[in-house]
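User: I would like to go through the labels used for this model and check each one against its criterion. Please give the value and the cut-off each time.

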Amino acid sequence: MIFSKSFLNKYIKVDFKNQHIINKIMPNYKLNRIAEVLDEKGMKNNDLVINLQVKKETVSRWVNNKQQPTLNTLNDIAKFLKVDIRELLNQSEWVKIK
């Protein structure tokens, strides 16, 4: 489940400076598989830092599922890793129930 900034701001009055509140709402829920795909490709966080020109702290938050990249950034990550964007996301719970 991915929440947009507008949804969060409208319904639970959170801004992304307070990411810890989101973590309380969805504790230990891993939305992305960036860490796993990096490992499968034999790459490190620093490869994303260099390629995407973002801070290492940002990549660390993505890899640890403390914060999620935007869809555009997720697409850039998929292109860099040469994978389908869907491989970077964990399967939704409702899909597993079918």
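Analyst: Helices here are DSSP runs of H or I with at least four residues, numbered from the N terminus. The model is a predicted one.

User: Why is Asn 32 called buried?

Analyst: Its relative accessible area is 0%. Buried means under 20%, so Asn 32, at 0%, is buried.

User: What makes the approach of the Asn 32 side chain to Ile 34 a polar contact?

Analyst: A polar atom of the Asn 32 side chain lies 3.0 Å from the backbone nitrogen of Ile 34. The cut-off for a pair of N or O atoms is 3.5 Å. The Asn 32 side chain also reaches the backbone oxygen of Trp 62, again at 3.0 Å.

User: Which residues is Asn 32 in contact with, leaving aside neighbours within four places in sequence?

Analyst: They are Trp 62, Asn 65, Gln 67, Gln 68, Pro 69, Leu 88, Leu 89 and Asn 90. Contact requires heavy atoms within 4.5 Å.

User: Trp 62 belongs to which group of residues in helix α5?

Analyst: Trp 62 is one of the buried residues of α5 (residues 56–63), together with Thr 58, Val 59 and Val 63.

User: How do you know that these residues are on the same side of α5?

Analyst: They cover an arc of only 135° around the axis, and therefore lie on the same side of α5. The cover over the buried residues of α5 includes α3, α4 (45–52) and α6 (71–81).

User: Why does Thr 58 count as buried?

Analyst: Thr 58 has a relative accessible area of 18%. The limit is under 20%, so Thr 58, at 18%, is buried. The C-alpha atoms of Thr 58 and Gln 68 are separated by 9.3 Å, with the two residues 10 apart along the chain.

User: What is the phi of Asn 65, and is this residue buried or exposed?

Analyst: Asn 65 has a positive phi of about 55° although it is not a glycine. The residue follows α5 and is found in the loop between α5 and α6. With a relative accessible area of 10%, Asn 65 is buried.

User: Why is Gln 53 called exposed?

Analyst: Exposed means over 50%, and Gln 53 has 73% relative accessibility, so the label exposed applies. Gln 53 lies in the loop between α4 and α5. Its phi is positive, about 55°, although Gln 53 is not a glycine.

User: What makes the pair Glu 40 and Arg 33 a salt bridge?

Analyst: Side chains of opposite charge can pair when their charged atoms come close. The rule asks for a side-chain nitrogen of Lys or Arg within 4 Å of a carboxyl oxygen of Asp or Glu. For Glu 40 and Arg 33 the N to O distance is 3.0 Å, so by that definition the pair is a salt bridge. Glu 40 is exposed, at 55% relative accessible area.

User: How many salt bridges does this rule give?

Analyst: The count comes to two. Asp 84 and Arg 86 also meet in a salt bridge, at 2.9 Å from N to O.

Conventions
Residues numbered from 1 in each chain as written. Predicted model: local features only at pLDDT ≥ 70, side-chain atom pairs only at ≥ 80, totals over all residues. Heavy atoms only, no water. Buried < 20%, exposed > 50% of the residue type's maximum accessible area, 1.4 Å probe, protein only. Polar contact = N/O pair within 3.5 Å; in protein donor to acceptor, adjacent residues only side chain to side chain. Helix = DSSP H or I, 4+ residues; strand = E, 2+ residues; numbered from the N terminus. Arc of directions from axis to C-beta.
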